[in-house]
Amino acid sequence: MKRIARPGRWLIILPPLLFLFIFFLIPFAVALKISFAETAARVPPFTDVLTTGADHRLHLSLSFANYKYLLTDQVYGVAYLYSLRTAFFSTLICLLLGYPMAYAISRASKSAQSVLLFVIILPFWTSFLLRVYALEGIIRDNGLLNNVLLHLHLISRPLHIMRTSVAVYLGIIYSYLPFMVLPLFATLEKLDHTLREAAADLGSPPWRVFSEITLPLSMPGVIAGSMLVFIPAVGEFVIPSLLGGPDNLMIGRVLWDEFFGNHDWPVASAVAIAFLVLLVGPMALYQYYSAREFEA
Amino acid sequence: MENRNSPLLLAVLCIGIAILYIPILVLIAYSFNASSLVNVWGGFSTAWYGQLLHNRQVLEAALLSVEVGFAASTGAVLLGTLAAISLIRFGRFRGRLLLIGMVNAPLVMPEIITGITQLLLFVSMLQLLSWPHRGFTTIVLAHIAFCTAYVTVTVQSRLQSADRSLEEAAMDLGASPARAFIEVTLPIIAPALLSSWLLSFTLSLDDLVISSFVSGPGADTLPMVIYSKVKLGVSPDINALASLIICAVGACVILAGVVMRRTERRRLLELQAAER
């Protein structure tokens, strides 16, 4: 607002800016610092990177051992690739399931639309942990799914889903589906439907109208939804921990174990930093440039 | 809009919604199961709910979670509103891009990364400043950080659609910017503040990963207790607890939705009246 004097403005800007700077951004700097430290048997369990010696000058002792360890120990590479693969295919399935859902909602009448949206949003806010736990009740060996299938004589022995990759996939799809549907709906709803009608009037069959008009125009929603599913899914901890087996090592679980099991904070920091650089960095850059393009 | 949904589209929509709801409904149904065997229906009973009332660990954790939720969502609404005002009303300023980034990043950042880095910060701060001790304070600070992001996004969209000319008219009539904001803009965005408070509360009540990292000894939130119980296996009293939480959160979300919708409708009616 032009009429607020400049110093007054900063009273409003600074509190959130400073708070998020200190409690969201600085932590990453601290993690970066500790990723160069070494494990030590003390509290907190790592060596100082910056020390003041007897001559009152700052000494910097960087150790790259943690990063070397990440590169040499196979667990991290395997877990990282497994996380990427799992997140990729779950995102794909979410997209294949979520797109028709969002499309159907966008074509419903206005009053049906708001009810349907609410139906999608409600689980979006419902406890993540509890929903994963609820899913376990469905897919475990003596759960509802197996009972129904056995009852219908479709299978003769219970399907073993828990503690497998399938359970992890189901968990991610079930938990993140609303994150895909909502942004897709937001773009599909804004889509100018006269374009579709024009194409149909000019003789395009429905599949061509979809593939040449609707789909390209809804790409922003596809990208936004995929990012909202993909990034958190790569770092997912609760789902592989509760539904997956010992083989389903996702990077989030490795981090958790490194921290709470091995108490190796420097290695955990290095894993976190590497994860950030390899995954969130490129995504953030992409977001930044697409936002700039949007503003231009 | 045309309502020409093909049966196939409707079928996928129904399947999707069924996938989202069946597990929750089954969980709630089984929380009334008299049998302690989780896969056998032994008749209707509310015994598991009664048992929860005598579980001190659960009650203490629930109390802590509610306290954290209140503190965190109040803090987040304050900070998030200020951030939204800065981003919508102040044009370009130094640090704007930084603020946009810090408001949007927590929405996609994997929780485990946020949790680890915040723990490291708190540990380093404790070394340097002897504050804060891990427990209630650190959980609240960490929750404020991620809830602020959600509040900012909600309030931002509300501010964007609010009519600037009302505020300007008030200032033309001699109100100070602060007074114009409090008497004109605040009532307009109040529903967004209430609904974002409720949503922050549910987010805070829900959080497992970040809390697990930044919490200290003896400060277990409800999700932490549930997680450790679930790790040990499915048990009927978790079903009861889970059903209670899901209903509480559902009520919060429905309330937030109703508040938003009602004010939206009132605004439309007022617009129509003004046009007449």
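In the predicted model, I116(B) touches A31(A), L255(A), F259(A), A268(A), A272(A) and F213(B), leaving out residues up to four places away in sequence. Two residues are in contact here if their C-beta atoms, placed from the backbone, lie within 7 Å. I116(B) and L255(A) touch the most other members of the largest nonpolar core, which has 154 residues. The helix α7(A) gives the most to this core, with 15 residues. A nonpolar core is a set of buried Ala, Val, Leu, Ile, Met, Phe, Trp, Tyr and Cys residues joined through C-beta atoms within 7 Å. A residue is buried if 20 or more other C-beta atoms, placed from the backbone, lie within 10 Å of its own, exposed if 12 or fewer do, and partly exposed in between. In soluble globular proteins, nonpolar side chains tend to be buried together.

The model is predicted, and local features need pLDDT of at least 70, side-chain atom pairs count only at pLDDT 80 or more, and totals for chains, interfaces and linings use all residues. Residues are numbered from 1 along each chain as its sequence is written, and chains are lettered from A and ligands numbered from 1 in the order in which they are written. The predictor gives the complex an ipTM of 0.86 and a pTM of 0.87. For chain B the mean pLDDT (the predictor's confidence in each residue, from 0 to 100) is 87, and 97% of the residues of chain B reach 70 or more. Where pLDDT is low, the predicted coordinates should not be read in detail.

The contact between the chains takes 72 residues from chain A and 66 residues from chain B. On the side of chain A that touches chain B, the largest share, 18 residues, comes from helix α1 (residues 6-34) of chain A. By residue type, this side of chain A divides into 58 nonpolar, eight polar and six charged residues. In this division Ala, Val, Leu, Ile, Met, Phe, Trp, Tyr, Cys and Pro count as nonpolar, Asp, Glu, Lys and Arg as charged, and the others, Gly among them, as polar.

Chain A has 13 helices and two strands. Helices (H or I, at least four residues) and strands (E, at least two) are DSSP runs, numbered from the N terminus. The C-alpha trace of chain A spans about 85 × 70 × 30 Å along its principal axes. Chain A has a radius of gyration of 25 Å, whereas a compact globule of 296 residues would have one near 19 Å. This radius is taken over C-alpha atoms, and the globule rule is 2.2 Å times the number of residues to the power 0.38. Of the 296 residues of chain A, 42% count as buried. Among contacts in chain A with a separation of 6 or more, 70% are between residues 24 or more positions apart.

P232(A) counts as buried because 22 other C-beta atoms lie within 10 Å. Leaving aside neighbours within four places in sequence, P232(A) is in contact with V108(B) and P110(B). V222(A) is buried, with 20 other C-beta atoms within 10 Å. With the neighbours within four places again left aside, V222(A) is in contact with L95(A) and L184(A). V222(A) and F185(A) are 37 residues apart in sequence and 9.7 Å apart from C-alpha to C-alpha.Chain B has eleven helices and zero strands. Its C-alpha atoms fill a box of roughly 70 × 65 × 35 Å along the principal axes. Of the 276 residues of chain B, 42% count as buried.

The peptide bond from W131(B) to P132(B) is cis, with omega near -5°, and P132(B) is found in the loop between α5 (111-129) and α6 (136-161) of chain B. S130(B), in the loop between α5 and α6 of chain B, is not a glycine but has a positive phi near 55°. S130(B) counts as exposed, with 8 C-beta neighbours inside 10 Å.
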